[in-house]
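This report covers a chain interface and a ligand site. The sequence and structure come first.

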Amino acid sequence: MSEQHRQIHFAAHFPGVNQQTIWSDPNAGSQIEFESFRRFAEIAERGVMDYIFLAEGLRLRERNGEILDLDVLGRPNTVSILSALAAVTKHIGLVGTLTTTYNEPVDLARQLRSLDVLSNGRAGWNVVTTTNAFTGANFRKGDHLPYPERYLRAQEMISALEQLWETELGETTTLDSRYFQATATQTLPASPQGRPVLVQAGASGEGRDIAARNVDVVFSMFGEFAEGQKFRTDLDERLEHFGRNAEDLKILPAITLAIGDTEAEAQERAQAIRHAQVSGPNAIYFMEQIWGRELGGVDPDGPLPDFDPVPPTHATGRVPHYGDVEERTALVNQWRAESEAKGLSLRDLAVREYGRPSLVGTPEQIADEIIRRVDERACDGFTLVGDIVPDGLAEFVDRVVPILQERGAYRTEYPENATLRELLGSAAAPSVPLETPERV
Amino acid sequence: MTSKFSIGLAAKGAGWHAGADAVGSFAPQDPAAWAKLAQAADEAGIDVLTIEDSLAPLGTSASFDSFMLTNWLAPQTTRIGLVPTATTSLLEPFHTATAVATLDYTSEGRAAVRLRTGGFASESAAVGREDTLGNIREARALPTEEFERLIADRFGEGVEFAEVVRLLWDSWEDDAEIRDLATSRFIDRERIHNPEFTGKHFSVFGASITPRPPQGQPPVFSLAHTHTPYRFAAVTADVVLITPETEGTLEEIRAALAAGASAVDRQGSPLKVWVDYNILIADADDADDDAAARLAELDAAGGEFVSDAGLIAGTAEQVATRILELRDTGIDGIRVRPLVTDRDTEAFISEVLPKLRDGGVEVAEGANLRERLGLVPAANRFVATPPFTANAASVTASTEEISA
Ligand SMILES: Cc1cc2nc3c(=O)[nH]c(=O)nc-3n(C[C@H](O)[C@H](O)[C@H](O)COP(=O)(O)O)c2cc1C
């Protein structure tokens, strides 16, 4: 424990409805039974992690107008399952992804405050702005929010929730902003952490501003070293602009894992995991997102299709990760060259491209790498994404966490009665007062 | 005599009397108090615990979101049914459907939900809507016809809400998850059905994100006082809670309910009828501390007791006798509303309940809440005949027809 390390933070991502989660493995358990969530939480708490993290998707994913059947499908109501988990855990934070678009502030504020009080100060909200006609079709207002306005409503929502969370039991407050006009009386006592922790996941400039202005943690997709540092620098500048301390915002990028006794074994394991994630049909589905169109007749074990990508023609309920049609065409051209040079099939490429970024190695190597990245401010830790439910993070907890603890880079136990904000060691951003711009 | 007679406990803050905050010692702002209450009711074999809820305060007590609270209570209890309250004029049916389905998973088959249309001024303000209905007391003071006309739109919305929730629960067939390695398919998409619901008040297109809950259709409760609500219950609910004495005799209400059920052409599993009563249990051994004295103490603290439901007040012996009489009329159950949450629940559990057991009210057996409440298994409406059907459109038929 001679060296001084920055302290690492971990979130445990309950594996969700995407290719990442391997359901075909004999050890893969239920995605929906409460026992899976309980076991998952137990493992994360054994790993002394900061919080359990749940994503959100409010419509079943589709492909060409049909429900996607290749990946895990089905998830519980986010705040409800977190409330149940609050009863079977003691220390760990409980963070749910909830959209600002298909919720109303008084209701959302009350749900989160309920969770916060029931868990004795362990609640968090991952603020997402997802808005599209596809999801809107499941809600009263339908496709009500144009995409460019998503963060306007989000900022008002965050400000509204902060205003509501500041009121005391029995106190009445009025919201009067562009999107929200409401009057509500507080029905709950304050939680030990004052208000729930805020997390944000959104990549655009506006998304980063929302993060820098309001939140405690950013869930990013910049899991590699260099891009992580670049993202950190960008956020540091934004934090300064909003008068906040850099250490008060943690960045916990998503990361997957492959652990082995030797490096070779870990590499082999990473490859096996990716193969299990990317079946033939899944490789086609993955490539459809690059091509932006159906690839029905294409052989996954053959070469890449000889036609070029098009702008996407159908909503699938996914976050678009692969850029516009020019970027995707450039990517395809590069892959074509590689495919010809090395004899790689479409599935080989899908397997290679899928599932990154990842930490692959022996427990010592992974521990070293995590410490390096945190010390050099590529991130403050990770949102760990296991590939199997519910035990996917057990090996990390049992083999990597003890090394991090030995090296003095990670807590060995939970402080007594700590709130989630205390676990994160950050001061909340100052509340942003609601402005009163023109109403929609 | 033995019978299937269900017992529910209705929790509302410190109690149903406005003076309960001052007189009782239940602390509704403290989660531990709720866990203790639920566990005591669970151990006593009470069939359901209902949690009152609204976006506006329920009196001066603290109130949790009932979905968060019941999901938190689920892993801490074993047998009792958990009944959060959803206000159909304020919430999203999609979120409500997944929240109840999730409760059914976290409680392993013990979820239910009470649907109330709500929509009084203070709670509507929470979603930024101005309302024609000031508060329940003012609204109920109106002539019946005017009241029914005012609430017709709300109930129309509530009917759609209930229909969407039920469609969403059934949107996955029980065996939709196949994990078929040969074809790389996790689910059989033929066994998932988009509701594609289009109503007058809202539309909901897609299937639930939550697989069909363990009970298939968690029981739906509805509290009803007049004609439109009786029809609403007949169209939407498995269990209706009625309030004899304040709205007529038990016989009159049952006749009105039957008329409502036939007006909406309810077919299949009949509506279970429970009576809803406030209870106050006095100490039999203390002559000075009788029911009247206790009520006076509460009235002094919180004002005269006014309620939409009747009051059974007396010693444990008197309360038990009255409940057994009600049971003997052939109704299916009772939900008791303790005037003081801690005191009256404790007395109900330790003194009244044993007398009811002696009187033949047995602890219901069954693998899940539906079975324990005597409800038939819920076949999936997308592939078979659901437990009951009814004509939704006739709930809010014209007032002339209602008074006829
Ligand atoms: C790492 C990451 C995870 C996300 N997870 C979710 C999610 O679980 N549910 C959701 O609705 N949106 C999710 N989003 C979408 C974003 O919150 C955001 O609404 C979307 O990216 C559009 O904002 P942007 O343009 O700033 O990226 C995620 C985004 C990122 C970058």
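## Salt bridges at the interface

A salt bridge is counted here where a side-chain nitrogen of Lys or Arg lies within 4 Å of a carboxyl oxygen of Asp or Glu. The model is predicted. In it, D53(B) and R110(A) form a salt bridge through their side chains, with an N to O distance of 2.7 Å. The rule finds 4 salt bridges across the interface of chain A and chain B.

## Extent and make-up of the interface

Contacts join 57 residues of chain A to 59 residues of chain B. The area buried between chain A and chain B is about 5,100 Å², with 61% of it on carbon and sulfur atoms. Between the two chains, 29 residue pairs are in polar contact, counting pairs with both residues at pLDDT 80 or more.

On the side of chain A that touches chain B, two or more residues each come from β4 (66-67), α2 (78-88), α3 (105-118) and β8 (181-185) of chain A. The most come from α2(A), which gives 8 residues. By class, this side of chain A has 29 nonpolar, 18 polar and 10 charged residues.

## Ligand site

The ligand is surrounded by 17 residues, and the closest are T130(A), R150(A), Y151(A), A201(A) and S204(A). The shell divides into 9 nonpolar, 6 polar and 2 charged residues.

A polar side-chain atom of S204(A) is 2.5 Å from an oxygen atom of the ligand. A polar backbone atom of A203(A) lies 2.8 Å from an oxygen atom of the ligand. For E56(A), a backbone N or O atom is 2.7 Å from a ligand nitrogen atom. The protein buries 86% of the 610 Å² that the ligand exposes when taken alone.

Conventions. Residues are numbered from 1 along each chain as its sequence is written. Chains are lettered from A and ligands numbered from 1 in the order in which they are written. This is a predicted model: local features need pLDDT of at least 70, side-chain atom pairs count only at pLDDT 80 or more; totals for chains, interfaces and linings use all residues. Side-chain values use heavy atoms; hydrogens and water are left out. Contact means heavy atoms within 4.5 Å. Buried area is the accessible area (1.4 Å probe) that two parts lose on being put together, summed over both. A polar contact is a pair of N or O atoms within 3.5 Å; within protein, one must be able to donate a hydrogen and the other to accept it, and residues adjacent in sequence count only if both atoms are side-chain atoms. Helices (H or I, at least four residues) and strands (E, at least two) are DSSP runs, numbered from the N terminus. Ala, Val, Leu, Ile, Met, Phe, Trp, Tyr, Cys and Pro count as nonpolar, Asp, Glu, Lys and Arg as charged, and the others, Gly among them, as polar. A residue is near a molecule or strand if one of its heavy atoms lies within 4 Å of it. Accessible areas come from the Shrake-Rupley method with a 1.4 Å probe; for residues, only the protein chains shown count as cover.
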